[in-house]
Amino acid sequence: MDLSVFSALESEVRSYIRSFPVVFDTARGSKIWDEEGREYIDFFCGAGTVNYGHNNPAFKQPIIDFLTADKLQHALDMATGAKKRFIETFRDVILAPRGLDYKLQFTGPTGANAVEAALKIARQVTGRSTILTFTHAFHGVSLGALAVTGNDKFRAAAGIDLPGAVFHPYDGFHGPEVDTVAMLRALLDDSGSGLELPAAVIVETVQGEGGVNVASYAWLQALEALCREKGMLLIVDDIQIGVGRSGDFFSFEAAGISPDVVTLSKSLSGYGFPMSLVLLKPELDVWKPGAHSGTFRGNNVAFVGATAALETYWADTAFPASVAHRAELLRNGLEAVAARYPGEFTVRGRGLLQGLVGADSSLAGAISREAFGRGLIIETSGPFNEVLKVMPTIVGDDETLLAGIDIISAATDAVMAAR
């Protein structure tokens with residue numbers, strides 16, 4: 001398969017093409033085909049952008065109808081019918097049943113831009129500048145989002161200092177016996193600690209890029225309580241683990257917490273179109289008109305796909321149970337792989353974001369390469385790429401899901417046999 005045009009003309013910054021060196025062509029549901037017709041099961045899902053599968057037919061026809069009707073495509077942040085219907089549907093299907101009261105801010109189309117907006121509003125509301133973030137966090141690669149991201153590869157690419165953030169150990173960073181929220185409380189209570197009161201705390205309930213690290217519900221509840229006590233805003237970055245991947249629409253629902261600000265993107269549009277959203281409690285909406293601007297704040301075709309996703313899946317109260325079923329199949333399959341190699345692998349994750357963690361940091365990458373050769377697209381994560389990051393679609397048939405798990409199992413056996 002000829003990839004020479006990419007190496008000749010595309011920037012060296014290209015990344016995933018190096019892991020999956022084929023020319024992809026068509027996709028449907030949980031499967032992708034390359035230009036030579038070879039089939040792959042997708043356990044990557046565009047880094048969580050196509051949770052509902054590729055070219056989902058429930059979304060395709062409304063999008064086609066919208067495009068062929070000469071509806072307004074580009075509108076900045078002006079009112080359109082597509083936006084109105086999305087807002088109303090999001091209110092009725094997502095917010096109201098959960099008792100959530102948020103204003104909706106449509107930012108630029110990337111998750112990083114939603115994070116930028118969340119950090120800016122926290123600083124405006126509190127009058128303080130520092131944002132507290134966590135070890136192994138990933139929030140984007142624009143400068144503000146990058147300042148609260150831990151990965152040194154991404155940080156080094158900035159080429160400048162990244163001020164305005166302070167890092168603190170995430171849940172489990174020092175082992176299960178160390179309560180890092182209690183550590184944070186001690187620092188904030190001690191006037192000699194050197195830690196000034198932050199404007200906000202930004203957190204992922206599950207750190208995907210950081211290695212599928214899972215915060216316990218008790219830890220999240222304690223963090224929320226500390227934020228309330230100290231007057232810090234709590235920002236939950238739900239860009240990857242949200243929109244159903246945890247099993248609920250929001251990943252924080254099961255913990256029973258109520259963030260001040262929530263960032264959403266990736267699978268929000270349903271079909272893979274760029275779309276991002278900041279949810280903020282009404283009293284925090286102190287923006288001046290146009291103070292966080294952007295040419296592509298109103299992706300109307302994305303609104304159509306997003307509305308169809310909400311109506312198709314989230315209006316059905318039984319839908320989370322189907323996600324939980326798929327998550328159980330996935331977790332059981334990975335646990336079975338780990339059980340064959342005691343001491344070599346552990347499994348961690350929530351819902352349909354799971355990680356097979358190798359004691360030897362080279363194992364995950366080797367398994368990913370072997371799995372791709374066997375027809376499975378799957379990536380790695382963690383500071384040393386030590387985690388096989390498993391992200392299948394949240395909808396689909398059991399047969400394809402189990403076939404993908406079988407490829408992971410066979411690829412792991414092949415890698416371990418070759419050691």
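Predicted model: local features only at pLDDT ≥ 70, side-chain atom pairs only at ≥ 80, totals over all residues.
How close do the axes of helix H12 and H14 come, and at roughly what angle do they cross?

## Helices H12 and H14

Helix H12 (residues 319–339) and H14 have axes that come within 10 Å and cross at roughly 15°. Because angles under 35 degrees count as roughly parallel, H12 is roughly parallel to H14. The crossing in which H12 passes H14 is right-handed.

On the H12 side, the residues that meet H14 are His325, Arg326, Leu329, Leu330, Gly333, Leu334 and Val337. Their partners in H14 are Asp398, Leu401, Leu402, Ile405, Ile408, Ser409 and Thr412. By class, this contact has eight nonpolar, four polar and two charged residues.

## The four-stranded sheet

H14 (residues 398–417) also lies across strand S2 (31–34), S3 and S15, and runs at about 95° to S3. These strands belong to an open sheet of four strands, ordered S1-S2-S3-S15, with mixed pairing. Strand S1 (24–28) and strand S15 (376–377) are the edge strands, each pairing on one side only.

What joins strand S3 to S15? Two bridges do, and strand S3 (residues 39–42) runs parallel to S15. Here you can find Asp42 opposite Ile377 in S15.

## Helices H5 and H11

Another helix pair to look at is H5 (residues 81–98) with H11 (residues 300–314): they pack at an angle of about 35°, and their axes are 9 Å apart. Their crossing is left-handed. Among the residues making the contact are Phe86, Phe90 and Val93 of H5, together with Phe303, Leu310 and Trp314 of H11. The contact of H5 with H11 divides into 10 nonpolar, three polar and four charged residues.

Definitions and conventions: Residues numbered from 1 in each chain as written. Heavy atoms only, no water. Axes fitted to C-alpha atoms, helices over the stretch in contact; angles between N-to-C directions. Left-handed = near helix turned anticlockwise from the far one by under 90°. Contact = heavy atoms within 4.5 Å. Nonpolar A, V, L, I, M, F, W, Y, C, P; charged D, E, K, R; others polar. Pairing = 2+ DSSP bridges. Parallel < 35°, antiparallel > 145°, perpendicular 65-115°, else oblique.
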